[in-house]
Amino acid sequence: SSSSLLAGGLLLRPVWLPLWRQRATYRLTQHRAFFQRVRPMLFSAFFAQMSSTLPVVALGQWQSLRQVGLFSAAERLVRAAAHLSTYVEQIVLSRLAQPAFAPTQRQALQRRALLWLGVALLLAVLCGQVLAAPLIGVLYGEAFVATTPLLRVLLLGLALLIVRRAWVAWA
């Protein structure tokens, strides 16, 4: 965020430069192999951060700050729900990927997991549609209640994304 960038810039001179001079005496060749190994993770983390902040920055170029705030409020809730669904999916997939299951048993478990995923997703979407306005009001205040229709649409889109991910992973 911009506050992290500002704090890092302010701390660059008094804190980071003396540390850098102290560590610059180490041989850089020792660290090259490490950085070559972690480079894909660094790029992945950079692009993940860009994908989460770029829509808000781009929207700020064309819309008012009020509209950006309303979008950000709904988007944060949907992003939290997407992370939760990813964690649940990883837990279920790791259990189904164990080699202890016979292929027919694994298929039956996958069908049952898809059924339960569908039921849980339907309940979550219905609860999200009903509780969107109170949730926004409690979390962000009454000024952001206008974001309720956007949150409802984003929740439906998230449900479709989860169904697509499950279909690709298990079909």
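Mentor: Let's start with the cut-offs: a residue is buried under 20% relative accessible area, exposed over 50%, and partly exposed in between (1.4 Å probe, protein chains only). Keep in mind that this is a predicted model, where local features need pLDDT of at least 70, side-chain atom pairs count only at pLDDT 80 or more, and totals for chains, interfaces and linings use all residues. Residues are numbered from 1 along each chain as its sequence is written, and side-chain values use heavy atoms, with hydrogens and water left out.

Trainee: Okay, why is Phe46 called partly exposed?

Mentor: Its relative accessible area is 45%. You'll find Phe46 in helix H2 (residues 28–62).

Trainee: What does the whole chain look like?

Mentor: Its pattern along the sequence is α-α-α-α-α, with five helices and zero strands. Helices (H or I, at least four residues) and strands (E, at least two) are DSSP runs, numbered from the N terminus. Of the 171 residues, 19% are buried. The chain exposes about 12900 Å², and carbon and sulfur atoms supply 71% of that.

Trainee: What makes Arg79 and Glu75 a salt bridge?

Mentor: The rule asks for a side-chain nitrogen of Lys or Arg within 4 Å of a carboxyl oxygen of Asp or Glu. Here the N to O distance is 2.4 Å, so the pair qualifies. Searching the whole structure turns up one salt bridge.

Trainee: Why can those two side chains reach each other?

Mentor: Arg79 and Glu75 are four residues apart in helix H3 (residues 65–96), about one helical turn. An α-helix has 3.6 residues a turn, so residues three or four places apart point the same way.

Trainee: Are Arg79 and Glu75 buried or partly exposed?

Mentor: One of each: Arg79 is partly exposed at 26% relative accessibility, while Glu75 is buried at 11%.

Trainee: How do you know what shape helix H4 has?

Mentor: Look at its span. The expected value is 1.5 Å times one less than the number of residues. H4 (residues 103–140) has 38 residues, and a straight helix would reach 56 Å, but its end C-alpha atoms are only 48 Å apart. There's a kink of about 60° at Leu131, shortly before the proline Pro134. That bend is the angle between axes fitted to the seven residues ending there and the seven starting there. After H4 comes Gly141, with a positive phi near 100°.

Trainee: Which residues does Ala159 touch, and why is it called buried?

Mentor: Ala159 has 12% relative accessibility, so it falls below the buried cut-off. It lies in helix H5. Contact means heavy atoms within 4.5 Å, and apart from neighbours within four places in sequence, Ala159 contacts Leu121 and Val125. Both of these are among the buried residues of H4. The C-alpha atoms of Ala159 and Val125 are 7.1 Å apart, although 34 residues separate them along the chain.

Trainee: And what about Leu156?

Mentor: Leu156 is also in H5 (residues 148–170), but at 44% it is partly exposed. With residues up to four places away set aside, Leu156 touches Val125 and Gln129.

Trainee: Where is Val145, and what does it touch?

Mentor: Val145 sits in the loop between H4 and H5. Leaving out residues up to four places away in sequence, Val145 touches Ile136 and Gly137. At 27% relative accessible area, Val145 counts as partly exposed.

Terms used:
Accessible areas come from the Shrake-Rupley method with a 1.4 Å probe; for residues, only the protein chains shown count as cover.
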